[in-house]
Amino acid sequence: MKQRRTEILKAAIGLIADEGYANLSMRALAREVGMKLASLQYHFRSWDDLLQAIVSYVSEAYGQSFAALKQSEEQIGIREIVSFILIDETGANISGDRLWPQLWAMQQVEPLVSDLVDDIYSTYLQVLEQALRDAGASAPHAEALLLMSMLEGSTIFVGE
């Protein structure tokens, strides 16, 4: 059952990334995974349950990705962090470069997603600020904010 639930979550994330948040519904997701709506509702009783599960899944994927980056044996420099942010591969079959713009849009209407985006953004910023501090930046917080806004623009508005 857990495996099927994960497959459904990956399909939901794929729909969001490929077709946009506005095109995700319980019915569309049921069609995507080849099941009846009632069967989908066995796994996720409501839209809120589904959204909570999506947010948890994405949050966990990013958390694991950040942990792996921090535990890397190599020296993590600004170049590696910028590459990590731009490529945005979480290792959980989440197409971050396509998903992130949708999450950014979703946060306008979904408080859960807003919290998720804030947490991910904050973590990116902290990691980038530390790398700048390690590189001897004179104003690491300001430089991290500037660099992050430039990266954010390229990931949200440019995409692939």
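Let me start with how elements are assigned: helices (H or I, at least four residues) and strands (E, at least two) are DSSP runs, numbered from the N terminus. On that basis, the elements of this protein run α-α-α-α-α-α-α-α from the N terminus on. That is eight helices and zero strands.

Now the ground rules. This is a predicted model, where local features need pLDDT of at least 70 and side-chain atom pairs count only at pLDDT 80 or more, while totals for chains, interfaces and linings use all residues. Residues are numbered from 1 along each chain as its sequence is written, and side-chain values use heavy atoms, with hydrogens and water left out.

Next, overall burial. I call a residue buried under 20% relative accessible area, exposed over 50%, and partly exposed in between, with a 1.4 Å probe and protein chains only. The protein has 160 residues, and buried ones make up 42% of them.

Contacts next. Contact means heavy atoms within 4.5 Å. Take the contacts between residues at least 6 apart in sequence: 63% of them join residues at least 24 apart.

Two residues show this in detail. First, L50. L50 sits in helix 4. Is it buried or exposed? L50 counts as buried, because its relative accessibility is 0%. Set aside neighbours within four places in sequence, and L50 touches L9, M26, L29 and F44. Look at L9 in that list. L9 and L50 are 41 residues apart along the chain, yet their C-alpha atoms are separated by 8.0 Å.

Then H43. H43 belongs to helix 3, residues 37-43. Its relative accessible area is 14%, so H43 is buried. With neighbours within four places left aside, the contacts of H43 are M1, R4, R5, I8 and M35.

The criterion is a side-chain nitrogen of Lys or Arg within 4 Å of a carboxyl oxygen of Asp or Glu. How many does a search of the whole structure find? Two.

One joins R4 to E7, with the closest N and O atoms 3.1 Å apart. Both residues lie in helix 1, residues 2-19. They are three residues apart, about one turn of the helix. R4 is partly exposed, at 26% relative accessibility. E7 is partly exposed too, at 36%.

The other salt bridge pairs E129 with R133, at 2.9 Å, N to O. These two lie in helix 7, residues 111-134. Here the spacing is four residues, about one turn of the helix. E129 is buried, at 15% relative accessible area. R133 is partly exposed, at 40%.

On to aromatics. A pair of aromatic rings is described by the distance of the centres and the angle of the planes. Rings of Phe, Tyr and Trp (its six-membered ring) pair if their centres lie within 6.5 Å; planes under 30 degrees apart are stacked, over 60 edge-to-face, and the rest tilted. The structure holds two such pairs.

Y21 and W47 make a tilted pair, 6.3 Å centre to centre, with 45 degrees between the planes. Y21 is in the loop between helix 1 and helix 2 (26-33) and W47 is in helix 4, so the pair ties together parts 26 residues apart in sequence. Y21 is buried, at 16% relative accessibility. W47 is partly exposed, at 24%.

Y62 and Y124 are edge-to-face, because their planes stand at 85 degrees, with the ring centres 6.5 Å apart. Y62 is in helix 4 and Y124 in helix 7, so this pair ties together parts 62 residues apart in sequence. Both tyrosines are buried.

Last topic: the largest pocket. On a 1 Å grid over the protein atoms alone, a pocket is an open set of points where a 1.4 Å probe fits, with protein on both sides within 12 Å along at least five of seven lines; lining residues have an atom within 4 Å of a point. Grid points are joined across faces, edges and corners, and the volume is the space filled by probe spheres set on the points. For the largest pocket, that gives about 230 Å³.

Which residues are closest to its centre? Of the eleven lining residues, they are K2, T6, L9, Y57 and E60. Helix 1 and helix 4 (47-70) are the elements that give two or more residues to the lining. Helix 4 supplies the largest share, six residues.

By class, the lining has five nonpolar, three polar and three charged residues. Nonpolar here means Ala, Val, Leu, Ile, Met, Phe, Trp, Tyr, Cys and Pro; charged means Asp, Glu, Lys and Arg; the others, Gly among them, are polar.
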